[in-house]
Each structure stands twice: as C-alpha cells, then as structure tokens.
Number of protein chains: 2
Amino acid sequence: MDYLDDLVTSSGAAAYCLYASSDEPDMRYLTQFITHDPVPVIKKPGGKPIIIVPVMEVDRAERESTAQVITRQQAGYQEIIKQERDPYRITAALIQSCAHGPVVVPPGFPLALARALETTHPVILDSQSTIGQMRSIKSAGEIAHITEAQRAVEEAMKNAISLIRAACVKGGLLHYNDAPLTSELVKSTINTTLAMNGYTAKDTIVACGEDTAMPHCTGTGPLLSCQPIVIDIFPQSMDSGYHADMTRTVSKGRPSSAVCELFEAVSNAQTLGESAVKAGVSGAECYQKVRDYFEEQGFKTDTQGFTHSLGHGIGLEIHEHPSLSPVGEMLKEGHVVTVEPGLYYRGIGGVRIENLGVVTKNGFDRITQFNQEMIL
Amino acid sequence: MDYLDDLVTSSGAAAYCLYASSDEPDMRYLTQFITHDPVPVIKKPGGKPIIIVPVMEVDRAERESTAQVITRQQAGYQEIIKQERDPYRITAALIQSCAHGPVVVPPGFPLALARALETTHPVILDSQSTIGQMRSIKSAGEIAHITEAQRAVEEAMKNAISLIRAACVKGGLLHYNDAPLTSELVKSTINTTLAMNGYTAKDTIVACGEDTAMPHCTGTGPLLSCQPIVIDIFPQSMDSGYHADMTRTVSKGRPSSAVCELFEAVSNAQTLGESAVKAGVSGAECYQKVRDYFEEQGFKTDTQGFTHSLGHGIGLEIHEHPSLSPVGEMLKEGHVVTVEPGLYYRGIGGVRIENLGVVTKNGFDRITQFNQEMIL
C-alpha cells in the first residue's frame, strides 16, 4: 500500500479512489470484497481502504472484506439525495464525504464519475496504473493460488486429451461412443471438470483444422483426424479469484508435414521463450528472441505467423502486467507470466503451446507440469 | 441503432465510441464480438459499428461479429506508434482515424482514454446510458435466450433441492451418503449442472441459518435442519451471453415460527410484486407497494427488513435497466425483470423468493416455472 500512499501524497491529493465491482481486479485486490454492483473505495495515506456499501451488504462486508466498511447512510446518503438526483453526482458526494479533497484514480475510472467529482475537486489520473503494477508482483500466497488453479487446468486438459486419445476415426472424423466427437463435447468436459473443482471457465478453446489458424476461435463441430486441435483453458477460481492458463496442440493421427513443422518450431520457441525469461530482462527482449528464432526458421510474421505476444502476466486478471510483447516492460522477481508462442497460417492451421511460471532472479520457475506430446 | 445516431447528431458529434471487452454488455450488444481484451468501437450515424482489432483477431472478427472490422494497421497503427508511446494516446489516435471529430461516450468510458481524446476533440458524456436503455427492451430472440437460461437454472435448482430433500438429519445437521451435506457440495452440484449445460455461474448462494440474514452471503459449511436455506442461482450462457436468475428459500423440517412468518410474508409480497408490474407503471411504484405491504404486516425496514430493491432488469448484464427500487424508472413492454422481495433479520435469518418475467401491456408474463414450497 506504500506505493499508493506515496502517489497520493506526491500528487497533493487526499486519497486514491476506485468505483468498481469485484470483477475489476484492482478493487478486489484492495478490499477482498466480492460484489456484482460497483462500490466506492477510498484509500487515504496511512489508513485502510474504506468501502461505502448499501445497508444490505454491511454485515457481509465486515465479515468478508479487509477494508474499513461504512454504510451509505453513514456517508450522508439521506442528506445528499435531498439535493442530487444524478447517480454519479450522488456517488461523488459519498466519496467526498470520506476523501475531502483531490483524488487520484486509475486509467479505467468511469468518466461520468470523474466529471461529477471534478465539480468540487481535481481528479488526478494515475496513468501508470499503480495498483496494476502492485498486483503484478505476486506473494507466496498468490503463487499458491495460481498453482492450485493450474493443477485444476491440468486435470481438465488430461480429461480432454483422454477423450481425443480414446476416440476412433471414421471417415476422417473422431468418434466417441459411436457419435462424432465434437468441439462442444470436449469443451463441456473441460468446463464441467473445472466447475466440479470450483473454477469457472468461459471461452474455453477446442478448435480444429482450419479454425486453428484463428488464435482465439473457440471451435465448433466434429473434430477431424490428422488435423491440429488447439486446446486453451484459462479458468478463474470461484474461491480465490486467481486464474491459470495453459494451451496444448494435439492431433489424432499424424497431421500434414506443414503442421508438424509448425509444431516443432513452436515447441522449440516455447523452450527458448522460457529460457529467455529472467528478472532484469524486458518482456520485449523475450518476445524478440522468439520472433527472431521463427524468422530464422523461415516463419515470417506479417498478417500471419507469430501474430500475438509471447505471453502476459496472470493473476486476478487473465491478462495483466507484465507483457511479453514488443512494448513489454522489465521483468521482476515475483511476476507470474505465460510463455505461449504460436504460429498461424490460413489453409494450414495453427499451433500454440503455453506454460506459465514465476519470474526469478535466475530465470523462470515453471508452474505448469504437463507434457507436450502432439500426436495421439 | 437509431437512438444512438440521433444522439450523435443532436450532440454535434461525429460518432458514438466505446472502448471495452465483451465482458461489457454495451460492447457485446453493439458488435456481437467476443474478446477478453478491450477494442475500440466507433458507431457513426447511418453506418455499422466499426471495431478496430489486432491482426490476430481479424479473421475471427469478420466471421463472428456483426460489426465492420478494420485492423489496427489499417487504422494507421504503424505511423501512430512512431509518435506516441502512451497506450491511451495510441488508442485515441486509432479512434480518431475513424471518427474524425467529437465523440459521445457512455458513463463508464475510461477516464484515461477520454483525456487522450480530449487533446484533439470534445468528448461528450452520454449520461443517460443510451445503449443500456436500448438493451433494456428485449427482442423475441433475447427473451428466448433468457428463457433458455432460466430452464437451466431450474434444472440446477431441482438438483440442489433434491439433495436437500433426500438428506437425513443427524444431530441437527443434514447428511447425505453418510457425510454432512454442506453448502459447498450443493453449490458444486448447481455449478456442475450449469457447466454441463453450457452456463457459467459464480457466487452461487447456498446459505443457511444465521448466514441467510446477509442477502449476498454465499454460504459455507454444513447445512442445518429446521433453518432457512437461501438458494440463489444466476448464471450466464457461454453461448448467448444472457443471464437468468432465481431464488428459493427452503428448510429441511419446519423452521421457527418467526421464519415461517417471514416466508409467508415474502411469498405474498412476491405475488403482490408480480401483480404490480405492468408497462406504464414505474419500478418505484412496484417497490413501494411491496414495502407498504411489509410495513402493514409489521415488517419494518431500517438497517434490517426489506433492505434491497424489489428487482432489476436482466439480460447481457445480471443487473441492468430498469430498477424496481425507490428510484425505479417507468416500466416498458419488453423489459425483462426479476421480482424478488426478501426480509432479513439478525438472529432469525432471511427469506427471499425470486421469479423473472417479461413486462407486457397488461402485466407480467412470468418466465420462471418452479414451485415455492418451503418445508422439505
């Protein structure tokens, strides 16, 4: 919290302020309070974060959150609504009943509330996203949450791959229990395994054939033999809120030599990427090493090829600081990042392999424990 | 889209603008494009919404979204990054390569991007949340999506209640298969049923006893006999993105007379609330009728009692327009709303019963099909 306090003090402000539900990770990180509806959070130097909640939430907030809890009534709601009807001006008045001065806010702060606050005091933009930077360095407890989530991903991936492995091939289509094995069935198996273990997953990817040339195509219909099947699983723990993320590319039967070449290059690039990660190296350098390797192997990147970043931070947010991309910042001890090179070509398909791990002084402490076998 | 175009024209602006992932329902509604990472959306009068996507997403966006798709490269990304490093100024320049003038933005638009845009053109706040208002009136197709989601909720609720019904009581605790039946096990059953059917649920509530006095307590530990158990299920379809929402309160064995009185009052209030809903009546009137009924029955509301609203709109967002609360707006045909009175008292517990349905010219067309039996 010292970073926030320093920023508030050096900005000449009275407090750092959020207005968000717990779906916004900064809010959850500061307060540990779970709410679907947004609430104001006010962090003054030296004090605990304050949340202003409706009466119906006060007992729960006091039990569950780490913040100081005050009710809207205690913040003067009844008086405020005698003079204000606009919901954002009402919220601004509630915030100022605690902040009493200029506030610093994150980049995603709602414009309507910023303008309402500006009618009485300056609103200073934290363009560095300080809470996002704080969140990027994980504690041992946070690494344990991510590791636990990764184990759940691995169980789901094992179940998915077992289905594909056990399938038989009829007319180029995979079959299971005498019916075509579809992307939908494999996704349902993955998502159900995750739900049973306390995780929610949406947009799980089980894409096959030409669809794999679109990195985020979630896939549909029957799975084909001798074609790449990209499986990308990235759930959130219902309990801790932390994510994990893993991708494997498999094929039932030997795919085309073009796909095999992609697989070999991506597999090597994944190893190279992991070996490039280390505290004090920038995400941009890691990205460039892998991109250079692909170029050397003849895999050029323009509108096809290695069209995304090498990886991203992961935590309460699925994509967070740092980025392993052309603009990637310096890696630090305690960052948790994915390393996920991929190659995508229309008419051939795509291959992606993704692990995650912790950035250390000496390198990359891999959390993922799952083999990279392609041909099943 | 006419509402948006009229607003843009009457504001003297060039376009309506969003910058959001598809987790933000306005963005999903306008574009049908699913993305975890935010993208700019520009809607100019008379034209289709335009989305500006990274190269890796272009094929998928063209296949899956209803928007006109252009790549960041086509929007001048390579030129822009020669002069700009700040990500929000880069995004502002991409937007202005399409908008060429002042833009109108929703209340939740990110402040950092608004300030970057303001360096060249005015940013006009749509304080009425026009897309949110458009979203509140559902088409037949949207009502079908919500109805389908509600059927999935009902199956999950049936499984949950079956577990509680089948439990036996030992020393005041429910047991199933010789082990205590816990909140966690019932929640897992609900969430797994939903995942198998293509729905994600988080923060599902199975709260028992004193915990039920906190309306949003999700519950923990063994379930008790002769105590209220509040079950609140509100998942989102992985496919359509629409939600449903239902709450039932049950008890294994007859609870205290105080709880039975709460149940009777809430059950009557639920019927009363549904009968109050009708196009042309305000959400505030519906709320007040139920609150008056509770007062007449001796259930006063201060920091306890009927501490939340009577209901809310539901759709791509779990809580959306209209609100059935003291500030609730006029109800219109095609609104889909929940009716969910509740009473909560410390030391006694809480009871909530929730149905949802469509606002019609003549009343409330209930979608929910599930009984309200309390004692199992």
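Modeller: What follows begins with the model as a whole, then turns to one helix and its packing, and ends with a few other places.

This is a predicted model, in which local features need pLDDT of at least 70 and side-chain atom pairs count only at pLDDT 80 or more, while totals for chains, interfaces and linings use all residues. Residues are numbered from 1 along each chain as its sequence is written, chains are lettered from A and ligands numbered from 1 in the order in which they are written, and side-chain values use heavy atoms, with hydrogens and water left out.

The model scores ipTM 0.96 and pTM 0.96. Chain A averages a pLDDT of 97, with 100% of the residues scoring at least 70; pLDDT is the predictor's confidence in each residue, from 0 to 100. Chain A has eleven helices and 21 strands, where helices (H or I, at least four residues) and strands (E, at least two) are DSSP runs numbered from the N terminus. The C-alpha trace of chain A spans about 75 × 45 × 35 Å along its principal axes. Of its 376 residues, 59% count as buried, a word that means under 20% relative accessible area, with exposed over 50% and partly exposed in between (1.4 Å probe, protein chains only).

The part to look at closely is helix 8 of chain B, residues 140–166, whose axis comes within 9 Å of that of helix 9 of chain B, residues 183–196, and crosses that axis at roughly 150°. Such axes are lines fitted to C-alpha atoms, for helices over the stretch in contact, and the angles run from 0 to 180 degrees between N-to-C directions. Helix 8 of chain B and helix 9 of chain B are therefore roughly antiparallel to each other; angles under 35 degrees count as roughly parallel, over 145 as roughly antiparallel, 65 to 115 as roughly perpendicular and the rest as oblique. On the side of helix 8 of chain B, the residues making the contact include B:Ala152, B:Ala156, B:Asn159 and B:Leu163, and on helix 9 of chain B they include B:Val186, B:Ile190 and B:Leu194. Contact here means heavy atoms within 4.5 Å.

B:Met157 also lies in helix 8 of chain B and is buried, with a relative accessible area of 0%. Not counting residues up to four places away in sequence, B:Met157 touches B:Ile231, B:Ile233, B:Met246, B:Thr247, B:Arg248 and B:Phe370. The C-alpha atoms of B:Met157 and B:Gln270, 113 residues apart along the chain, are separated by 18 Å.

For comparison, the axes of helix 5 of chain B, residues 87–99, and helix 6 of chain B, residues 111–118, come within 8 Å and cross at roughly 60°, and these two helices are therefore oblique to each other. Among the residues that meet there are B:Tyr88, B:Ala92 and B:Ile95 from helix 5 of chain B, and B:Leu113 and B:Leu117 from helix 6 of chain B.

Elsewhere, B:Thr31 lies in helix 2 of chain B, residues 25–31, and counts as buried at 0% relative accessibility. Its contacts beyond four places in sequence are B:Val41, B:Ile51, B:Ser65, B:Thr66 and B:Ala67.

Finally, a search of the whole structure finds zero disulfides over all chains, a disulfide being a pair of cysteine sulfur atoms within 2.5 Å. A:Cys217 is in no disulfide, and the nearest cysteine sulfur, that of A:Cys208, is 10 Å away. A:Cys217 is buried at 3% relative accessible area, and B:Cys286 is buried at 0%.
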